[in-house]
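Reader: I would like to learn how to read a protein model, one feature at a time. Can we work through one together?

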Amino acid sequence: METSPGLRETKKLRTRRHLADTALEMFLERGFGEVSVAEIAAAAEVSKPTLFRYFPSKEDLVLDRFADHQDEAARVVRARPADLTPVRALHEHFRTALAERDPITGLCDHPDVVAFQRLLYTTPDLADRLQHYTAREVELLTEELLPEYGSPLEARLAALHLVTVRGELGRENWSRIADGRTADALYPQALADADRAFAMLATGLDATRTADVTRS
């Protein structure tokens, strides 16, 4: 009996999740560089060609989790109320995510999340490959911002700034939690950092300087 399209897709998603979960468990236990693709395939009971049909690279076994977030900023801008600017919409979205301890903000002290982010931020190959996902996020947000700015260059510059701010805030929050602080204790500072960072974009970098700088 032929498998229905819905069942085939369900089986593919299950296999994909199994491969990613198996790989992550092995990476966390032994280190990213100490685990080969062949070992992952064997542990997941699939062939290497099958694994590569689901994940183009070893790094994607970890970073595929970011695929669901690539269009997040664009979606927030697209769905925002008419009275909110793109910067304000993304600012409010980030504040909400902080309050919910969303792992994407870095403000999550669940041991599994902290371990995953440690793997990500301390493994050069993963950090490099993450740029691929970030570039797609910028591309999607640029398309959404183009009607706001008119110029493709200005829309892309705005997207780069917004994506970078979100990413750097997340990295800083994780770094502090990795040093031993709890998410609850860090929340006020994380919120203040987010407010300051988005204010820099909303009002301009010069307007948010804390001191006069004169050029010689």
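This is a predicted model: local features need pLDDT of at least 70, side-chain atom pairs count only at pLDDT 80 or more; totals for chains, interfaces and linings use all residues.

Reader: Where do I begin? What does the secondary structure of the protein chain come to?

Author: Begin with a count of the elements and their order. The protein chain has 10 helices and zero strands, so its elements, read from the N terminus, run α-α-α-α-α-α-α-α-α-α. Its C-alpha atoms fill a box of roughly 65 × 40 × 35 Å along the principal axes.

Reader: How much of the protein chain is buried?

Author: Burial is read from relative accessible area, with under 20% counting as buried. Of the 216 residues in the protein chain, 38% are buried.

Reader: How do I read the packing of two helices? At what angle do H6 and H9 pack?

Author: Look at the angle, the distance between axes, the handedness and the residues in contact. H6 and H9 pack at about 20 degrees, and their axes are 11 Å apart. Angles under 35 degrees count as roughly parallel, and H6 and H9 are therefore roughly parallel to each other. H6 passes H9 in a right-handed crossing. On the H6 side the contact is made by Val87, Leu90, His93, Phe94 and Leu98, and on the H9 side by Leu162, Arg166, Leu169 and Asn173.

Reader: Why do residues a few places apart point the same way in an α-helix?

Author: An α-helix has 3.6 residues a turn, so residues three or four places apart point the same way.

Reader: And H5 and H6: at what angle do their axes cross?

Author: The axes of H5 and H6 cross at roughly 115 degrees and come within 9 Å. This crossing is right-handed. Glu72, Ala73, Val76 and Val77 in H5 meet Pro86, Ala89, Leu90 and His93 in H6. The buried residues of H5 are Glu72, Ala73, Ala74, Val76 and Val77, and their cover includes H6, H8 and H9.

Reader: How do I read a nonpolar core? Which residues have the most contacts inside the largest one?

Author: Ask how many residues it has, then which elements supply them. The largest nonpolar core has 30 residues, and Leu90, Leu141, Leu145 and Phe198 have the most contacts inside it. H5, H6, H8, H9 and H10 each supply at least two of its residues. The largest share, nine residues, comes from H9. Leaving aside neighbours within four places in sequence, Leu145 is in contact with Val77, Pro86, Ala155, Ala158, Ala159 and Leu162. A second, separate core has 25 residues, including Phe116, Leu119, Leu126 and Tyr133.

Reader: Now single residues. Is Ser57 buried or exposed?

Author: Compare its accessibility with the cut-off. Ser57 counts as buried because its relative accessibility is 16%, under the 20% limit. Ser57 lies in the loop between H3 and H4. Its side chain makes a polar contact of 2.9 Å with that of Asp60. Not counting residues up to four places away in sequence, Ser57 touches Phe52 and Arg129.

Reader: Where is Glu139 found, and what is its relative accessible area?

Author: Glu139 is found in H8, residues 124-149. Its relative accessible area is 38%, so Glu139 is partly exposed. A polar contact of 2.7 Å joins its side chain to that of Arg136. Glu139 and His69 are 70 residues apart along the chain, and their C-alpha atoms are separated by 13 Å.

Notes:
Residues are numbered from 1 along each chain as its sequence is written. Side-chain values use heavy atoms; hydrogens and water are left out. Helices (H or I, at least four residues) and strands (E, at least two) are DSSP runs, numbered from the N terminus. Buried means under 20% relative accessible area, exposed over 50%, partly exposed in between (1.4 Å probe, protein chains only). A polar contact is a pair of N or O atoms within 3.5 Å; within protein, one must be able to donate a hydrogen and the other to accept it, and residues adjacent in sequence count only if both atoms are side-chain atoms. A nonpolar core is a set of buried Ala, Val, Leu, Ile, Met, Phe, Trp, Tyr and Cys residues joined through side-chain atoms within 4.5 Å. Contact means heavy atoms within 4.5 Å. Axes are lines fitted to C-alpha atoms, for helices over the stretch in contact, and angles run from 0 to 180 degrees between N-to-C directions. Angles under 35 degrees count as roughly parallel, over 145 as roughly antiparallel, 65 to 115 as roughly perpendicular and the rest as oblique. A crossing is left-handed if the near helix is turned anticlockwise from the far one by less than a right angle, and right-handed if clockwise.
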